Amino acid sequence: MGTCGSTGRGEANLRSCASYAVVDLLRRGAAPHEAGLEVMRRVVAQTTEPRLLRPDGRPDFGLKYYILAKDGRRAGVSLWGPAKYAVSDADGTRLEECKFLFERDA
């Protein structure tokens, strides 16, 4: 198993029980980044309020997951990228790249 925290549009996370769903996928054997991306896709599919969508149909909000598996594997997953997340471990503190669903417009 593991743990999952999030930042961004909390309502999008809560309505889909996203952190729970990420941890459940970890329990079933998914890698942290796979679990995060799968649940992010679910959030996007459940976002039906027009006020929360861009003209192209993509979400007009941000959401990130910070995932740590029981065995130490970790991932940052973002709705929009490129994005980074902070890691502190025996190798020090640094920023690492998040996996993401959509690339920001230039």
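**View 1. Lys64 has Ser78 as its bridge partner in β3.** The model shown is predicted, so local features are reported at pLDDT of at least 70 and side-chain atom pairs at pLDDT 80 or more, whereas totals for chains, interfaces and linings use all residues. Residues are numbered from 1 along each chain as its sequence is written, and side-chain values use heavy atoms, with hydrogens and water left out. Strand β2 (residues 63-69) pairs with strand β3 (residues 74-81) in the antiparallel sense over five bridges, where strands count as paired if DSSP finds at least two bridges between them. Helices (H or I, at least four residues) and strands (E, at least two) are DSSP runs, numbered from the N terminus. A further bridge of this pair sets Tyr65 against Val77 in β3. The two strands form a hairpin with four residues between them, and in its turn Gly72 has a positive phi of about 100°.

**View 2. Four strands, in the order β1-β2-β3-β6, make up an open sheet with mixed pairing.** The edges are taken by β1 (2-8) and β6 (99-103), each of which has a single partner strand, so one side of each is left without a neighbour in the sheet. From one strand to the next, the twist averages 10°. Helix α2 packs on this sheet, where it touches β1 and β2, and its direction makes about 150° with that of β1; axes are lines fitted to C-alpha atoms, for helices over the stretch in contact, and angles run from 0 to 180 degrees between N-to-C directions. The pairing of β3 with β6 is parallel and spans four bridges, and in β6 Phe100 is the residue that stands opposite Ser78. Seven of the eight residues of β3 are buried, so this strand is largely enclosed by the rest of the structure; buried means under 20% relative accessible area, exposed over 50% and partly exposed in between, for a 1.4 Å probe and protein chains only.

**View 3. Helix α2 (residues 18-27) and helix α3 (residues 32-46) cross at roughly 140°, with axes that come within 9 Å.** This angle makes α2 oblique to α3, given that angles under 35 degrees count as roughly parallel, over 145 as roughly antiparallel, 65 to 115 as roughly perpendicular and the rest as oblique. The crossing is right-handed, that is, the near helix is turned clockwise from the far one by less than a right angle. On the α2 side the contact (heavy atoms within 4.5 Å) is made by Ala18, Ala21, Val22, Leu25 and Leu26, which meet Pro32, Ala35, Gly36, Glu38, Val39, Arg42 and Val43 of α3. These contact residues divide into nine nonpolar, one polar and two charged, where Ala, Val, Leu, Ile, Met, Phe, Trp, Tyr, Cys and Pro count as nonpolar, Asp, Glu, Lys and Arg as charged, and the others, Gly among them, as polar.

**View 4. Val39 lies in helix α3 and is buried, with a relative accessible area of 1%.** Leaving aside residues up to four places away in sequence, Val39 touches Ala18, Ala21, Val22, Leu25 and Tyr65. Val39 and Ser19 are 20 residues apart in sequence, and their C-alpha atoms are 8.4 Å apart. Glu38, also found in α3, is partly exposed at a relative accessible area of 32%, and its C-alpha atom is separated by 9.2 Å from that of Ala21, 17 residues away along the chain.

**View 5. Eight of the 10 residues of α2 are buried, so this helix is largely enclosed by the rest of the structure.** Among these buried residues are Ser19, Val23 and Asp24, and the buried set packs against β1, α1 (10-15), α3 and β2. In the loop between α1 and α2 is Cys17, which has a positive phi of about 50° although it is not a glycine and counts as partly exposed at 48% relative accessibility. Just after α2, Gly29 takes a positive phi of about 110°.

**View 6. A cis peptide bond, with omega about 0°, joins Gly81 and Pro82.** Most peptide bonds are trans. Pro82 is placed in the loop between β3 and β4 (84-89).
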